[in-house]
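Here is a short briefing to read alongside the sequence and the 3D view.

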Amino acid sequence: MLADVNVLLKLDPQDAFDQWLALPGEWVEPPNIRRGGESGVKRVLTASGGVLYCKQQVAHTYYSLRYPLGYPTAMRERDVLQACMALKVTVPKVVYAHCRKVAGVWQALLVTEALEGFSSLEECYARGDEQSWGEALHQRVLQELGACIARFNRGRWQHGCLRMKHIFVRVQGEDVEVALLDLEKSRQRFTVGQAARHDIEQLKRRSSWSDSQWQAFTYGYEAAFGSAFKGLR
């Protein structure tokens, strides 16, 4: 059975929950136990030929001043994805998001559209795409990445888990677009500086870019950030 999105979106969100949950698909992230609960991601095909990713959670919660008793992490991710639209940060489009309590246990679903034509930087580097791009285009990719992260941080958002597998790029000729994924651990900090320092430090630890490549990232970041940022250098 393929997902008929138009039909599902006409249903009340609560009524639609079980129907979304019942859709067949392939597990791309099998459910595993984290935070005392379970979370997994299923790849679902739609009747129109599209691809959706359905994050399913049971008792997978986070705690905050607003939610001292816990709230599904998928709903936090939904809020970040929606905030990214105003920040002009490319992320997967939210199709459906809802949560409910069953016998006192949180259940949550977050359904997003696939990023068509994008690959993670981890996949790109594993394939050796940077070799076919050439150094100039590779630096443009890193420059666009810097601008993307800067726009995200300027909203006081901290990604919290910046790895090459969570940074997606689409390179078509000379056109470059960057997107961010896996925003489940993202949170809004009190200051822009706090958000920026955390994400930049993670990138520094996890990237293997040369000095000139890091300078390309820095150029894109500071141009979008609107000023120099000490933690980049």
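Predicted model: local features only at pLDDT ≥ 70, side-chain atom pairs only at ≥ 80, totals over all residues.

- Most residues other than glycine have a negative phi.
- Alanine 59 is not a glycine, yet its phi is positive, near 55°.
- With a relative accessible area of 25%, alanine 59 is partly exposed, because that value falls between the 20% cut-off for buried and the 50% cut-off for exposed.
- Arginine 156 also has a positive phi, about 70°, although it is not a glycine.
- You will find arginine 156 after H6, in the loop between H6 and strand S9 (157–158).
- Arginine 156 is partly exposed too, at 31% relative accessibility.

**Helix H6 itself**
- H6 covers residues 135–154, and its 20 residues should span 28 Å at 1.5 Å a residue; the end C-alpha atoms are 28 Å apart, so expectation and model agree.
- Buried residues of H6 include Leu137, His138, Val141, Leu142 and Leu145.
- Further along H6, Cys148, Ile149, Phe152 and Asn153 are among those buried.

**How H6 meets H8**
- The axes of H6 and helix H8 (residues 211–225) come within 7 Å and cross at roughly 40°.
- That angle makes H6 and H8 oblique to each other, and their crossing is right-handed.
- The contact of H6 with H8 has 11 nonpolar, eight polar and three charged residues.

Notes
Residues numbered from 1 in each chain as written. Heavy atoms only, no water. Helix = DSSP H or I, 4+ residues; strand = E, 2+ residues; numbered from the N terminus. Expected span 1.5 Å × (residues − 1). Buried < 20%, exposed > 50% of the residue type's maximum accessible area, 1.4 Å probe, protein only. Axes fitted to C-alpha atoms, helices over the stretch in contact; angles between N-to-C directions. Parallel < 35°, antiparallel > 145°, perpendicular 65-115°, else oblique. Left-handed = near helix turned anticlockwise from the far one by under 90°. Nonpolar A, V, L, I, M, F, W, Y, C, P; charged D, E, K, R; others polar.
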